[in-house]
Amino acid sequence: MTPQLPRLLRLAAFVAVAVVAAPLFSLLWRIPWSELPRLLSTEVVVDALFLSLVTSLVAALLALLIGIPIAFQLSRMTGISASTLRAVATLPMVLPPVVGGAALLFAFGRRGLIGETLDNAAGLVLPYTPAGVVIANAFVATPFVVLTVESGLRALDPRYELAAASLGASPLRSTLRVVLPMIRSSIVAGAFLAWARALGEFGATITFAGNVPGRTQTLPLAVFVAMEADRDAALAMSLVLVFISLIVLVCLRDRWWPAK
Amino acid sequence: MNDQLKLLLEGRIVVERGPFKLDAEVNVKQAEIVALMGPNGAGKTTLLEAILGWLPLADGQVLLDGQTLEVHGENRTVPTHEREIGMVFQDGLLFPHLNVMRNIEFGTGSSSTHVSELLEPLEITNLVDRYPEELSAGQRQRVALARTLATAPKLVLLDEPLGALDVTGRVIARKLIGNVLRSNGAGALVVTHDPADAFALADRILVLEGGRVTQCAPPDQIRTRPATKWVAELVGWNFFEGDGNGSLVELADGVEIATAHRGLDGPVAVTINPTAVALYTQEPTGSPRNSWHCHVESIEFVADVARVSLVGPFAISADVTRAAVAELGIDTGSAVWASLKATEVGIQPLQG
Amino acid sequence: MGQQSIPSARSMRILLATVTVLIAVFLNGCGSGSHSIRVFAASSLTEVVQHLAEEYETRYPNTDVELNIAGSGTLVMQLQEGADADLVILASRSHMDQLRDIGLVRAPKQIAQNSLAVIVSPELVKDIGSIDDVRRTALQIAVCVKSSPCGALAWAYASSVGLDLSSATHESNVKAVLAKVERDEVDVGIVYMSDLRTSREQLGHLANARADQYSTSYPLAVTTDSKARRAAENFAALFAEPVGQSALTHFGFQLP
C-alpha cells in the first residue's frame with residue numbers, strides 16, 4: 001500500500017486542482033450545448049478545423065524529421081556543448097510564441113534572410129500560406145520531440161549498438177533496425193506532444209502566417225476572431241480544442257517522458 | 001592444443017581510459033577456446049571492446065586471420081561491423097522488439113539452413129516465436145550465442161556468458177556452449193570469473209590483472225603453477241613471495257622453506273599445493289625440514305575434502321580428507337604440526 | 001540525463017527574499033497613486049489619446065491616466081466581460097451601441113471622423129498606382145477582421161469596387177494592418193487616413209481609389225459605473241478644446 005499523504009498536503013492538492021479546473025468548468029458552463037451542431041457546421045469552423053488537423057499533423061511529422069536528428073546528436077554530447085545545443089533546440093518551447101513568429105518572419109518572411117532568396121529564386125512565399133502555418137507549428141513543436149527522444153536515447157543501453165555492429169550491422173542499419181524501434185515509445189510520445197502543441201499554436205502562427213480564413217486561419221485563430229464577432233461560435237470551437245487535447249493527454253497517460 | 005595451428009587473432013591492445021591503462025598481448029589460434037580471467041576492473045571487457053574496434057587503440061594492433069584490422073596511427077581501421085568478430089554479452093542483450101527467430105536472423109543474409117543447424121544443438125528450436133522477455137536467462141543466453149554464431153564469425157567473444165545463470169543453468173549451458181563452440185570451429189575468447197567454466201571450456205587461460213597479462217597457459221599449468229597470488233587463490237593454492245638463497249627461500253615473515261631447487265638467488269614466488277601439506281598432532285619424527293607448529297583458524301568442507309586454514313609462523317592452507325580431520329580430532333583453535341616435502345615446493349620467477 | 005544542478009538551500013533563500021521584496025515594491029507602487037482614470041480607446045486613436053493623456057497629466061498632476069488601447073471589438077468584449085473603465089472611445093457607432101444596449105454607457109458623443117485609405121508598401125509604390133493595379137495583380141492584402149469598425153468599412157468598400165479579399169489576412173486591429181504594410185510583409189492594406197498620416201514610412205496611397213467615401217465616426221462615453229466620473233469628464237472635455245481639436249486634425253482625423 002502506498003503511504004498516505006499528510007492531511008495538509010492533501011488539502012493543498014485539492015485546492016490546486018480546483019484552481020486548475022475552475023476555468024475549464026467555467027468554459028464548459030458557458031457553452032451553448034443545444035446550438036453546438038449548428039455552430040460547428042459553419043463554413044468558417046469547418047475550414048478552420050480541417051486546416052488545423054492537416055497543418056498540425058504535417059507539422060508533427062516535420063517536427064519528428066527535424067527533432068530526431070537533433071536528439072541523436074544531443075545524446076552523444078556532454079558538458080557545456082550539450083547544454084548549449086539543448087538550450088537552443090528547446091528555446092521555442094519557452095519563448096513567447098509571438099517572438100518565435102517574429103523570428104520566423106525575419107528568416108522566412110518575404111524580406112527575411114532566407115525568405116527573400118526563396119522568393120527570388122523559386123517564387124516561394126511562406127507567409128499567408130498553409131505551408132507557413134506548418135512551419136510556425138513545427139517550430140514550436142519540435143522541442144517536444146527533441147526532449148522525449150533524447151531522454152529515450154540516453155536511457156538506451158549503448159551496448160545494443162555494439163551488439164548490432166558485432167552482428168555485422170552498419171551504423172545506419174543499427175540505427176534503423178535496432179535503435180529507432182527500441183525508442184519507439186519515446187518517438188510516439190514526442191509525436192503526440194508535438195501534435196497537441198501544434199494544434200493549439202496561436203502566437204507564432206498569427207505572427208508568421210497571418211490570419212487568412214480558409215488558408216491560414218487555424219482553429220485557435222478562428223476562436224480569437226470569433227471571441228469578438230460570435231461568442232457562441234468561439235465557445236464551440238474552444239470545446240473542440242479542449243476535447244482533442246484531453247484525448248491526447250489521456251492517451252499518453254504517464255508516457256509524457258518515457259520510462260527509464 | 002596444437003601449437004602448429006595458425007594464429008587466428010594476433011593483437012597487442014593498448015587502451016587508455018583516464019588513469020587506467022590496458023596493455024595486453026592476446027593471441028587465439030584457429031578453433032581454440034581461450035578463457036580470459038582476472039579480478040574486477042582488470043580490463044577484460046575493455047579488451048573485448050577494443051578487439052571489436054568499439055574503443056580506439058592508444059597503441060598496438062589487431063590482426064585477424066592474417067588480415068590487419070587496426071594498427072595504431074594508421075587510418076585504414078576496419079569498422080566493427082566489418083570485422084567478422086561476434087560478441088555474446090553477459091545478459092544476452094537480445095533485441096527486445098524482435099522475436100527469437102528474427103534476433104537470430106538479424107546478422108545473417110538469409111542463410112536459414114545455417115540457422116536451423118544451430119537451433120537443435122542449443123535446444124531452442126521450440127522458442128523461435130517467443131520474444132526475449134518470455135525467455136529464461138539461460139534460454140536468452142543460448143539464443144544470443146545462436147544469434148552470434150549465425151553470422152559465422154571468425155572469432156567469437158563471450159563476456160561472462162554464464163554469469164547471469166543459476167547453478168544448474170550454468171552446468172547445462174556450459175556444456176551446450178562448449179559443444180557448440182567446439183563443433184563450430186571458430187576461435188573463441190571467453191571472459192569468465194568462474195574457474196570451473198574456464199577449466200571446462202578453455203584450451204588456454206589468459207589472466208589479466210591491472211591491465212596486464214600476468215599468466216597465459218593451459219588450464220593444467222594454471223592449476224599447478226599459478227604465477228600470481230590472484231591465480232593461486234583462484235585455484236586454491238598457497239602462494240608466497242620470498243628471497244631465494246641456494247635451495248632455501250626466506251619469506252618476509254622470517255619463515256624459511258626448503259626446496260628441491262638449487263642455486264636460487266633473489267626474489268622468487270613459492271607455490272604449494274594444499275594437498276601436499278600434511279598435518280600431525282605430534283611433532284613429526286625424522287624431522288622433515290619443512291615443519292611448523294600452527295593453530296587451526298578454520299575448517300571448510302567441500303564434498304569429502306576439508307580445507308584447513310592454519311596460522312603460526314605464517315598462514316598456509318592444507319587440504320586433507322574428511323576422515324583425516326576426524327582421525328586427528330582437530331577443530332578451530334587446535335594446535336597442529338604442518339609439514340611439507342621439499343619436492344612439493346614450486347618455484348617461479350616473481351612477476352614484476 | 002547529464003548532471004543536474006540542485007540549487008542550494010542558501011540560493012533558494014536568496015531567491016525567495018528577492019521575490020518577496022519585488023512583490024512588496026510592486027504592491028506599494030500600485031497603491032501610492034492618489035487617483036487614476038482608465039481610458040479604453042480604439043487603436044486608430046493611439047497617438048491622439050497619448051498626446052491628450054500627457055496634456056491631462058500636466059493639468060491634473062494628481063491623476064494618472066491608464067490607457068488601454070486595442071481594436072474596438074476587443075474593447076467591447078473586455079467591457080462585456082466586466083472590465084473596469086471610466087471613459088470609452090470607439091471607432092464605430094454600432095460598437096458603442098452594443099455597450100449602450102446593455103447599459104454600460106449612456107449618451108455617447110461624437111468627437112471625430114475618419115475615412116479609409118488604401119495604402120501600398122514602400123517597395124511597390126512605383127508599380128501600383130491604382131485600385132485596378134491591385135485588382136489585376138495577385139497581391140497579398142491585409143485588412144482588419146470583419147467584426148472591427150475598420151474591417152466592416154473595408155469589406156463594404158472592397159465589394160463596391162470588386163476587390164477580392166478572400167486571401168487577405170485578417171488582422172485584429174488597424175495598427176497591425178499598417179505595420180504589416182510598413183514592413184513590406186504584405187503589399188496592400190486598407191487602413192484609416194489617420195494611419196496614413198501618422199506613418200513614418202514612405203507608403204504609397206491610392207488617392208484615386210475613392211476609399212475616402214467610406215468613413216466612420218468616433219463616439220465617446222463615460223461609463224455608467226465609473227468611480228471617477230468627474231475626472232473622466234475632464235478628460236472627455238479635452239477633445240472639444242483647441243488642444244484636442246488640433247491633435248485630431250494633426251493626426252489625420254476630421255472633426256464632426
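Q: Hi! Which strand order does the open sheet of five strands in chain B have?
A: In this predicted model, the order is 15-19-16-17-18, and the pairing is antiparallel.

Q: Okay, and which are the edge strands?
A: Strand 15 (278-280) and strand 18 (316-321) of chain B are the edges, as each of them pairs on one side only.

Q: How much are neighbouring strands of this sheet turned against each other?
A: On average by 45°, with direction ignored.

Q: Let's look at strand 18 of chain B. How many bridges join strand 17 to it?
A: There are six bridges between strand 17 (residues 305-311) of chain B and strand 18 of chain B, and the two run antiparallel. If you want a spot to look at, B:R307 stands opposite B:D319, which is in strand 18 of chain B.

Q: Nice. Stepping back, how many helices and strands does chain B have?
A: Chain B has nine helices and 20 strands. Its C-alpha atoms fill a box of roughly 75 × 45 × 40 Å along the principal axes.

Q: What percentage of chain B is buried?
A: Of the 352 residues in chain B, 41% are buried. As for contacts in chain B with a separation of 6 or more, 65% of them are between residues 24 or more positions apart.

Q: Now some helices. At what angle do helix 4 and helix 5 of chain B pack?
A: The angle is about 10°, and the axes of helix 4 of chain B and helix 5 (residues 167-184) of chain B are 10 Å apart. Helix 4 of chain B is therefore roughly parallel to helix 5 of chain B.

Q: Which residues make that contact?
A: From helix 4 of chain B, they include B:A137, B:Q141 and B:L145. From helix 5 of chain B, B:I172, B:L176 and B:V180 are among them. By class, this contact of helix 4 with helix 5 of chain B has eight nonpolar, four polar and one charged residues.

Q: New topic: how many residues do chain B and chain A bring to their contact?
A: Chain B brings 17 residues and chain A brings 13 residues. On the side of chain B that touches chain A, the elements giving two or more residues are strand 6 (85-88) and helix 4 (137-149) of chain B.

Q: Last one: which domains is chain C divided into?
A: Domain 1 (34-113 + 217-250) and domain 2 (114-215). The C-alpha centres of these two domains of chain C lie 26 Å apart.

Q: How many residues of domain 1 of chain C are in contact with domain 2?
A: 15 residues of domain 1 of chain C are in contact with 16 residues of domain 2 of chain C. On the domain 1 side, the largest share, three residues, comes from helix 3 of chain C.

Conventions. Residues numbered from 1 in each chain as written. Chains lettered and ligands numbered in written order. Predicted model: local features only at pLDDT ≥ 70, side-chain atom pairs only at ≥ 80, totals over all residues. Contact = placed C-beta atoms within 7 Å. Helix = DSSP H or I, 4+ residues; strand = E, 2+ residues; numbered from the N terminus. Axes fitted to C-alpha atoms, helices over the stretch in contact; angles between N-to-C directions. Parallel < 35°, antiparallel > 145°, perpendicular 65-115°, else oblique. Nonpolar A, V, L, I, M, F, W, Y, C, P; charged D, E, K, R; others polar. Buried ≥ 20, exposed ≤ 12 C-beta atoms within 10 Å, placed from the backbone. Pairing = 2+ DSSP bridges. Domains from an automatic or database assignment.
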